[in-house]
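Colleague: I would like to learn how to read a few features of a model from its atoms. Where do we start?

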Amino acid sequence: MAIRIFNKKRYLFIIFGSINVLLTNIIIQILLVFIKPIFSTLIGQIFNFVFGFYFYGKNVFKVESLKKSHFKKYIFLNISIWNINWIIISYLNTFGFSKNIIALFLIPPLALISYFSQKYFVFKKNTNKKI
């Protein structure tokens, strides 16, 4: 039995995620030149939230009806990722590393955290079947 590395959810996440990452990082990269990482990543994360909640929920994880519980979990996830992002950027910048380069290097690990958190926490299918 072959293992499917790129199932449809992962493929869609990569497509929508690439668009989201591109747009979010354009915002962050420009803002990092002018304002502190905490604020530039916050603004980028707000864009990411607005774009991602609908597109990931509906198109990637195929949630028929987005509920308040999905929204609360997605907010929690976004706040967590935002904090990880700006704290690491700020910390590594104290050693002389470029804020912009750090932000780019954080894309893959944050994308993995986001994907698995959405799959197994935010948009997890209810598997409790009633008899």
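Modeller: Start with one residue and list its neighbours. Leaving out residues up to four places away in sequence, Tyr 115 touches Asn 7, Lys 9, Arg 10, Phe 13 and Phe 61. Keep in mind that this is a predicted model.

Colleague: Where in the chain does Tyr 115 lie?

Modeller: Tyr 115 is part of helix H5, which covers residues 107-122.

Colleague: Why does Tyr 115 count as buried?

Modeller: Buried means under 20% relative accessible area. The value for Tyr 115 is 5%, so Tyr 115 counts as buried.

Colleague: How far apart are Tyr 115 and Tyr 56 in sequence and in space?

Modeller: They are separated by 59 residues in sequence, while their C-alpha atoms are 9.3 Å apart. For the chain as a whole, take the contacts between residues at least 6 apart in sequence: 69% of them join residues at least 24 apart.

Colleague: Now the overall layout. How many helices and strands does the chain have?

Modeller: Five helices and zero strands, so the order from the N terminus reads α-α-α-α-α. The C-alpha atoms fill a box of roughly 60 × 35 × 20 Å along the principal axes. Of the 131 residues, 34% count as buried.

Colleague: Which residues of H1 are buried?

Modeller: First the general idea. An α-helix has 3.6 residues a turn, so residues three or four places apart point the same way. In H1, the buried residues include Leu 12, Phe 13, Phe 16, Gly 17, Asn 20, Thr 24 and Ile 28. Among the elements that cover the buried residues of H1 are helix H2 (37-60), helix H3 (68-93), helix H4 (99-105) and H5.

Colleague: Take a residue from H2. Why is Ser 40 classed as buried?

Modeller: Ser 40 lies in helix H2, and its relative accessible area is 0%, so Ser 40 is buried. Not counting residues up to four places away in sequence, Ser 40 touches Ile 28, Leu 31, Leu 32 and Ile 35. Of these, Ile 28, Leu 31 and Leu 32 are among the buried residues of H1.

Colleague: Which residues have the most contacts inside the largest nonpolar core?

Modeller: Phe 13, Tyr 56, Val 60, Phe 61, Tyr 74 and Phe 123, in a core of 22 residues. The elements that give two or more residues to this core are H1, H2, H3, H4 and H5, and H1 gives the most, with five residues. Beyond four places in sequence, the residues that Phe 123 touches include Tyr 56, Phe 61 and Tyr 74.

Colleague: How does the lining divide by residue type?

Modeller: Into 16 nonpolar residues, 13 polar and one charged.

Methods
Residues numbered from 1 in each chain as written. Predicted model: local features only at pLDDT ≥ 70, side-chain atom pairs only at ≥ 80, totals over all residues. Heavy atoms only, no water. Helix = DSSP H or I, 4+ residues; strand = E, 2+ residues; numbered from the N terminus. Buried < 20%, exposed > 50% of the residue type's maximum accessible area, 1.4 Å probe, protein only. Contact = heavy atoms within 4.5 Å. Nonpolar A, V, L, I, M, F, W, Y, C, P; charged D, E, K, R; others polar. Core = buried A, V, L, I, M, F, W, Y, C linked by side-chain atoms within 4.5 Å.
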